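Here is a brief report on helix faces, aromatic pairs and charges over rings. Please keep the sequence and model in view while reading.

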Amino acid sequence: MGLKGGEHGPKAVLQAQFQTAFCACPTLQNVRERVGVERSETLAVLDGNVMVMAIPQVVYLFHEYVDVLISQIAPALETAKHVVVVFDEPYAMTRAKTEEQRARDARRTIKTPLCSDDLVACIKTDEYDEASLRADGCNVRLLMDHRAARPRFYDALCAAVLDHFEKTTTAETSEWSLSFDGIDVRGANRPFGERRVAGILSNNSELWVPLLAREVPIGEGDLKLPDVAQRVHDAALLDDHPLKGVVLNLLCTIDTDSLVIELLKQTSRLARPDARDRNELTILCLREPSRKRKGDDFITPARYLCCNMATLHTAVCNNLYGTSNLSDSVAATKPAAVALLVGALASCGCDFLEVKGTRADVMIDVVREIVQKKPYVLGQIVNVFDPDPAKMLLAKTAISTVLEDYVDKISFLPRMQRSVASAKTSICDAQVLRAVWVVAYWLGREFKNTHEWGFASTSVGV
């Protein structure tokens, strides 16, 4: 999930080139304390899909899943007064993700033991209740391999977790809030055959249900992370609002595409007309598991790799332009430069496209050269911010220029000839279209006609 990994992937390269924006912290509380912000001023937004999918392999019973999720959320509640756990909404998922989901499903279903029609190895459909989940021998881990069965399980799981905190938390309700975004409040009690309604499950529904209500649902949790932060920020500006004073966002996930999504979001934060409206600090907390070093018994404990998005944005722009001293007219092109970089890094591999033979470290060099030597390209990519798809198509030229310049650059680099051949073969109009589409998507604008943006016709759903 997310951007392509490895030593030449965007996460590793951004961390290596912009070290001042990153630090490792053992806990979320440690992150907040390093910033010097109070718990009452902090919002934590957690990627629920990531949390559930990352539960250890030895866990397979429902009550064990509940216990593990409680243990993951409790530290967040100790760190932040307000915690929101976001989940994907399958019915609102972009059609462009169809191909990737089919590949994942194919990998998962092979884990379920085959058996005759009169036997059931595990729950596979949406028709089950909480008693079935809690029954002896119900293997929830196998259930998770079946996309049709998963949403009701998430609903039951979150209902059980919230019930635990409501019964065990001694602090006043006004001193904490826990909300689940993308969950049917009926839990596992939704009648069979009745459509699931993804909503907000919270211990403070009066506050969070209207705040997080959306006219257009967001399908992916990755995009909910900045959306929740933005909604809380807007509310915190209002006098006498319960969220007034919240200035720190801790966004927790493992999906590395949040690095570029938040980089784009930071651009919009800096564009706020009132300077007093820019006192919001967003830190992306990428959870990293404990690792054993090959060849010895040394174990690196689990930690959060934390990225200060304001610092990263400043460092990236200084790198692309070669200086921090820019005229007002040149500084105004920063959003376009960041968008160009995001499109280039997406092309190196993400959930939606991949141009074979591309590397993030070289791609950053290419974008920097374009920003400094071909500034007219920024006038092309800026069209990606236009809501008119006809105007957005004009951004194709900028992405094409990046990919062509990339091939030219690696043609002169040692040990890159195989990459040259791969890139030349992989670059096509469909990949360019996808790159433009994904930048707009990460900006918060989804174009539903995905088959017109380079995706397979099978991505077109009902």
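## Charges over rings

A charge sits over a ring if NZ of Lys or CZ of Arg is within 6 Å of the ring centre and within 35 degrees of the ring normal. Arg152 lies over the face of Tyr128, 5.9 Å from the ring centre. Arg287 has its charged end over the ring of Tyr304, at 4.8 Å from the centre.

This is a predicted model: local features need pLDDT of at least 70, side-chain atom pairs count only at pLDDT 80 or more, and totals for chains, interfaces and linings use all residues. Residues are numbered from 1 along each chain as its sequence is written, and side-chain values use heavy atoms, with hydrogens and water left out.

## Aromatic pairs

Rings of Phe, Tyr and Trp (its six-membered ring) pair if their centres lie within 6.5 Å; planes under 30 degrees apart count as stacked, over 60 as edge-to-face and the rest as tilted. The structure holds ten such pairs. In one of them, the ring centres of Phe62 and Phe153 are 6.1 Å apart and the planes are at 75°, so the pair is edge-to-face. Phe62 is in helix 4 (residues 62–79) and Phe153 in helix 8 (residues 150–168), 91 residues apart. Helices are DSSP runs (H or I, at least four residues), as are strands (E, at least two), numbered from the N terminus.

Both Phe62 and Phe153 are buried (under 20% relative accessible area; exposed is over 50%, partly exposed in between; 1.4 Å probe, protein chains only). Tyr65 and Phe153 also pair edge-to-face, with 5.4 Å between centres and 85° between planes.

## Helix 19

Ser419, Val420, Ala423 and Ser426 are the buried residues of helix 19 (residues 417–426). Their arc around the axis is only 140°, which puts them on the same side of helix 19. The arc is that of the directions from the helix axis to the C-beta atoms. Arg418, Lys424 and Thr425 are exposed on the face turned away from the buried side of helix 19.
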